[in-house]
Amino acid sequence: MNLYKYVSDEINKKLGFEAKLDVPKNRDFGDFSTNAAMVGAKNAGKNPRELANEIMPKLQELDFVENVSIAGPGFINIKIKDGFILKNAAAPKPMTNETPLTIDMDYGAYNVAKSLHIGHLRTSIVGDTLNRILRFIGHKPISYNHMGDWGRSMGLVIAWFQKLHPDWPFFKPDFNPNGDYSAYTVSAEELNTYYPAAAALAKQSPAFMETAQVITAELQRGHPGYNALYNIYMPISLASMNDTIKKLNILPFDNDLGEKNAAQYEEPVEKILRAKNLIEQSDGAEIIVVKKDTDNAPMPPLMFRNSRGACPYDATDIMAIYYRKITDNPDRIIYLTDARQSLHFEQLFRAADMADIYPYEKLEHIGYGTINGSDGKPFKTRDGNAAELNDIIELVTEAVNDRVKESGKALDQETIDTIALAALKFNDLTHDLSSDYIFDPTSVTSFEGKTGPYILYTAVRLNSVLKRAHIAAQKPEHFDLSVEERNLLIEIMDFEHMLISAYENRATDMIANYAYDLCQLTNNFYHNCPILRDDIDEQVKAGRLYIARLAFDTLATAIDLMGLKIPTEM
């Protein structure tokens with residue numbers, strides 16, 4: 001039950017106008033508060049407190065209201081009846097939506113022939129969590145890993161292949177596209193070094209950069225040797241990506257489709273752009289001017305085709321929108337990337353709107369902050385390079401191992417991996433998406449405080465109580481709720497409202513903070529409301545077990561939506 005929505009709808013129906021319902025931080029005076037008297041005071045010609053005194057009896061008539069009181073300049077506090085709470089509290093279930101939206105979600109955006117690095121952490125974790133939330137609240141998300149697999153980066157990779165293996169047939173003028181080239185392969189570990197090495201050389205060698213640029217254009221024009229080589233290393237790279245996201249417990253993407261797939265739609269997109277006279281010539285390149293007269297900040301044009309005739313990612317991004325429009329016809333397209341790409345997406349959205357390919361207002365870019373080291377600068381390895389995701393996972397796993405050894409516990413590797421996963425992902429999700437944050441493997445693996453291990457520990461403890469119980473959990477008919485039981489049930493009933501708010505505000509920190517608050521309330525309940533003690537009345541025991549079961553099911557759902565897993569012991 002979405003308690004917030006139910007109470008809000010019933011109050012507005014009773015009063016005949018819409019007022020805001022708030023959830024007080026301190027619920028000692030009420031479970032909800034409304035500004036109804038402040039909203040209606042002007043039309044009624046009365047001061048808010050005077051009107052609040054007239055509104056209170058009406059609210060008291062609602063069958064779920066225990067009592068009402070006035071606070072401050074005219075806020076009305078509302079306390080819900082215990083019986084209503086007990087009757088309607090339930091474990092969360094996937095929601096149905098009468099008007100589900102189809103939402104294309106572009107996150108991941110991994111680069112071929114390059115290991116996933118720390119810059120991919122937030123897009124993967126947050127994108128996956130939003131995807132899971134959307135499914136749960138009844139929408140239809142379609143996830144895309146829009147890979148960097150067709151632009152200059154591929155020219156650099158192929159140029160590096162040519163530098164290392166100049167005798168391979170792919171570079172020969174008489175290349176036979178029908179030959180068997182399965183023997184020409186590399187390991188994923190070796191392949192993942194190619195792009196970084198090639199990019200470093202290109203900065204130092206104009207000749208090598210020139211070679212890579214020529215290869216890029218020829219690859220896109222269909223060069224048989226380059227395309228055959230591409231078809232060999234592409235599956236290797238994709239398998240490597242999938243191995244890493246599997247470690248992070250990220251849902252498989254609905255589509256691993258990048259720039260190459262989008263490039264297939266170059267002809268129809270170019271036709272649309274030329275029909276609207278949007279393509280202009282500039283120093284041998286073709287651009288789309290997106291600057292408006294009202295712009296005060298710089299707004300460079302979008303590059304559709306460079307001077308060598310190749311399509312950069314500006315162009316393939318427009319083609320990708322076209323592809324999604326004709327394939328998915330989504331109600332919205334959401335991109336999740338580093339906030340520093342915001343200018344690119346503003347250019348892209350304007351171009352797509354100007355071409356009538358997809359409306360500007362239905363395109364959205366969510367920009368996230370950077371992950372920094374203790375020095376406040378973007379987190380890097382000791383050698384000064386961006387840390388690979390596998391290295392980050394290993395760092396956190398080692399920190400968990402150290403914690404477990406210090407505690408004297410003996411946990412198997414699967415459990416340690418599960419705890420490490422929670423430590424890494426939960427830490428990311430607790431932060432406001434737009435903000436930067438400091439990454440410290442030691443602090444995120446603490447079993448106390450707002451950490452993933454604390455969340456898992458609470459779930460394991462609840463599960464243990466439920467398993468050890470010798471009687472079944474039963475929904476109590478008549479039960480005098482303690483403060484701890486009442487607060488926990490109210491929090492459980494706020495789950496649906498929280499999820500909807502998390503999506504509407506694009507704020508995955510809401511589900512992480514909810515899970516933490518739920519754990520705190522659960523532990524207060526656990527300490528102050530004994531369940532399995534011998535001197536506890538059987539009816540009380542059954543009722544508390546019921547509350548514990550609801551708490552576990554709600555916490556387990558939140559944990560799953562964050563892409564975490566609950567171990568059997570801790």
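At what angle do the axes of helix 6 and helix 8 cross?

1. This is a predicted model, in which local features need pLDDT of at least 70 and side-chain atom pairs count only at pLDDT 80 or more, while totals for chains, interfaces and linings use all residues. Residues are numbered from 1 along each chain as its sequence is written, and side-chain values use heavy atoms, with hydrogens and water left out.

2. The axes of helix 6 (residues 152–164) and helix 8 (residues 194–204) cross at roughly 90° and come within 8 Å, axes being lines fitted to C-alpha atoms, for helices over the stretch in contact, with angles from 0 to 180 degrees between N-to-C directions. Helix 6 is therefore roughly perpendicular to helix 8 (65 to 115 degrees). Contact, meaning heavy atoms within 4.5 Å, involves residues including Trp160 and Phe161 of helix 6 and Tyr194 and Leu201 of helix 8.

3. Phe161 also belongs to the largest nonpolar core, of 156 residues, where Phe161 and Tyr233 touch the most other members; such a core is a set of buried Ala, Val, Leu, Ile, Met, Phe, Trp, Tyr and Cys residues joined through side-chain atoms within 4.5 Å, buried meaning under 20% relative accessible area with a 1.4 Å probe, protein chains only. Helix 22 (residues 538–561) gives the most to this core, with 12 residues.

4. An open sheet of 3 strands has the order 7-8-9 with antiparallel pairing (strands pair if DSSP finds at least two bridges between them). Strand 7 (279–282) and strand 9 (302–305) each have a single partner strand, so one side of each is left without a neighbour in the sheet.

Terms used
Helix = DSSP H or I, 4+ residues; strand = E, 2+ residues; numbered from the N terminus. Parallel < 35°, antiparallel > 145°, perpendicular 65-115°, else oblique. Buried < 20%, exposed > 50% of the residue type's maximum accessible area, 1.4 Å probe, protein only.
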